[in-house]
Amino acid sequence: MTKRFDDSIIYPISGMKAPNRLVLAPMTNQQSHPDGTVSEEEIRFLEMRAQGEFGTVATCAMYVTDDGKAWQGQMGLSSDRFISPLRKLTQAIHRHGSLVIAQLFHGGSRANPELTGRNLWSASDIFHRSSGQLIAREAPETLIEEWITAFEQAAIRACEAGFDGVEIHAAHGYLIHQFLSAATNKRTDHWGGTPKKRMNFLLAILKRIQRHLKGKKIVGVRISPEDFSFFTGIDFDESLQTAQLLFESEVDYLDISLWNALKKPEKYPDGPHAITYFANQKVGHASLIRTAGEIYTREQAQQVLHLGADLLAIGRAAIAHHHLPELWRRDILPSLPPYSENHLAAQGLSKPFINYMKRWKNFVSETEQ
Ligand SMILES: Cc1cc2nc3c(=O)[nH]c(=O)nc-3n(C[C@H](O)[C@H](O)[C@H](O)COP(=O)(O)O)c2cc1C
C-alpha cells in the first residue's frame, strides 16, 4: 500500500497515535530563558506548528545535566524545577491533537564551559582540531554511570511534564555520538574498543529509559549514519549494525539524520538511497524509520516515504511555513529560502531565533522584501 504523508500513524511499541507522518524536526532555537526554562516565545513557535497540523512536534535538544549545556537559550530538563513550566508547552501542543516529544541531549566535548563553568568530558581525551590543545578529558566509569542516570531522570521528568515520549540524541557530534565514533572513542573497557562496545553507552541509556517508558510512552533514537563535516569515525555499515540493535531493542522509531533525505551513502554512491538500507535492515521489526533533510515539497515527501521512511522530520521548511502540512494537502507549493525577517516573524520566530537563523546559509534574506 502506498504510504501518504497524511496517513495517521501508530508508534508501534508505545501504541501512541499521531494524526500524520509529519514531525516538526528537533530544532535548537535559542528562545529559552538563560536558566533553561521554556519561554512563551518557544511555546508559541512550537504550538503554531501543532496548529499547522504537524502530527508530532519534537523539542530542541534539551540538556540532561547542567554541564551538558552547549549554547545560550537552550532548554533544560536537568532538574525537577523544569517540570512545571514545561506542562504549559505540552498542554499547548495537545490542544491541537499533536504528540510532543522531548529530545534528550548532552554536549560532551561540545558543551560550553563558558555557560556551565565546568570542565569538559567525553568518551576519550579530545584535542582541538587546529591547536592540538586538550579540550575534553576521558570520562571515568563513575561519570559514565552518572550520565546514564541523568538521561533516565530526564526521561522521567519529561513524562511528568506531559510529553508523549523522548528522543535520545545520539547524532551530530554530541556526547553519545562521541562514544559511537571510532575517532573520538579510544577506550578499551566496556565502553569502547570494538564497534559493538562503542554502542554500549547508547544501549545502556536506552535500556534505562525503556525500563520506565517502554510500552507506555514513545522512545526514539536519532543517529548520524556516516561522517559529516568534521564529525568523523562513523562507518555506514557500523551504523546499520547500530540500527539492528536498536530495532531488536524495540525503539518506537529510529531517526537517520541525513541532512538530505534523498542522498546516497558516501560509502556506496552507486547503491540504493541511504534511507533504503535502513528500511531493509528493519524488515521483521516493528520500529518506524524517520529521516530529515531538505524536504520542501509534497513530491519530495512522497519520494522519501517511497524509499522506505515511515515518518518525515521537517526542519527549515517548517520554520518558514508553520502550516506546511496544510499547504501540501491543498497542493500549494511552499516558497523556498531565503525568507525575509518579516515573513519569519509572522511565522512565530522571535528576534533571537531570527538572528540565529542568519547563521544558516541562505535562509534569511539580506534585504527586506
Ligand atoms: C535551526 C536548526 C536547529 C537544529 N537543531 C537541532 C537539534 O537541536 N537537534 C537535532 O537533532 N537536530 C537539529 N537540527 C537538525 C534538524 O533536526 C534537521 O535534521 C535538519 O535541519 C535537516 O532538515 P531540514 O533540511 O528540513 O532543515 C537543527 C536544524 C536547524 C535548521
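This is a predicted model: local features need pLDDT of at least 70, side-chain atom pairs count only at pLDDT 80 or more; totals for chains, interfaces and linings use all residues.
Biologist: Why are helix α1 and helix α2 called roughly parallel?

Modeller: Helix α1 covers residues 40-51 and helix α2 covers residues 83-94, and they pack at an angle of about 20 degrees. Angles under 35 degrees count as roughly parallel. The pair is therefore roughly parallel. Their axes are 9 Å apart, and α1 passes α2 in a right-handed crossing.

Biologist: Which residues make that contact of α1 with α2?

Modeller: From α1 come Glu40, Ile43, Leu46, Glu47 and Ala50. From α2 come Lys88, Leu89, Ala92 and Ile93. By class, this contact has 6 nonpolar and 3 charged residues, with no polar ones.

Biologist: At what angle do helix α4 and helix α7 cross?

Modeller: Helix α4 (residues 141-160) and helix α7 (residues 200-213) cross at roughly 35 degrees. Their axes come within 9 Å. The crossing of α4 past α7 is right-handed.

Biologist: What makes up the contact there, residue by residue and by class?

Modeller: The α4 side is Ile144, Glu145, Trp147, Ile148, Thr149, Phe151, Glu152, Ala155, Ile156 and Cys159. The α7 side is Phe201, Ala204, Ile205, Arg208, Ile209, Arg211, His212 and Leu213. The contact divides into 12 nonpolar, 2 polar and 4 charged residues.

Biologist: How do you know whether Gln103 is buried or exposed?

Modeller: Take the relative accessibility of Gln103, which is 2%. Buried means under 20%. Gln103 therefore counts as buried. Gln103 is found in strand β5, residues 99-105.

Biologist: What is Gln103 in contact with, leaving aside its neighbours within four places in sequence?

Modeller: The partners of Gln103 are Pro26, Thr59, Cys60, Ala61, Met62, Glu167, His169 and Arg222.

Biologist: What about Gln30: why is it called buried?

Modeller: The relative accessibility of Gln30 is 18%. The cut-off for buried is under 20%, so Gln30 counts as buried. Gln30 sits in the loop between β3 (22-24) and α1. Its phi is positive, about 55 degrees, although Gln30 is not a glycine.

Biologist: Where does Trp259 lie, and what is its phi?

Modeller: Trp259 is in the loop between β11 (253-257) and α9 (274-282). Its phi is near 65 degrees, a positive value in a residue other than glycine.

Biologist: Why does Trp259 get the label partly exposed?

Modeller: Its relative accessible area is 34%. Buried is under 20% and exposed is over 50%, with partly exposed in between. Trp259 is therefore partly exposed.

Biologist: And what makes Ser130 exposed?

Modeller: The relative accessible area of Ser130 is 63%. Exposed means over 50%, so Ser130 is exposed. Ser130 lies in the loop between β7 (126-127) and β8 (134-138). The C-alpha atoms of Ser130 and Val283 are separated by 43 Å, and the two residues are 153 residues apart along the chain.

Biologist: Which peptide bond is cis, and where is Pro338?

Modeller: The bond from Pro337 to Pro338 is cis, with omega near 5 degrees. Pro338 is placed in the loop between α12 (324-329) and α13 (341-346).

Biologist: What does UniProt place at residues 16-326?

Modeller: The unreviewed UniProt entry gives the feature "domain: NADH:flavin oxidoreductase/NADH oxidase N-terminal". In the model, residues 16-326 are 36% helix and 18% strand. The end C-alpha atoms of this span lie 22 Å apart.

Key
Residues are numbered from 1 along each chain as its sequence is written. Side-chain values use heavy atoms; hydrogens and water are left out. Axes are lines fitted to C-alpha atoms, for helices over the stretch in contact, and angles run from 0 to 180 degrees between N-to-C directions. Helices (H or I, at least four residues) and strands (E, at least two) are DSSP runs, numbered from the N terminus. Angles under 35 degrees count as roughly parallel, over 145 as roughly antiparallel, 65 to 115 as roughly perpendicular and the rest as oblique. A crossing is left-handed if the near helix is turned anticlockwise from the far one by less than a right angle, and right-handed if clockwise. Contact means heavy atoms within 4.5 Å. Ala, Val, Leu, Ile, Met, Phe, Trp, Tyr, Cys and Pro count as nonpolar, Asp, Glu, Lys and Arg as charged, and the others, Gly among them, as polar. UniProt positions are given in the numbering used here, feature names are shortened, and annotations may be inferred rather than shown by experiment. Buried means under 20% relative accessible area, exposed over 50%, partly exposed in between (1.4 Å probe, protein chains only).
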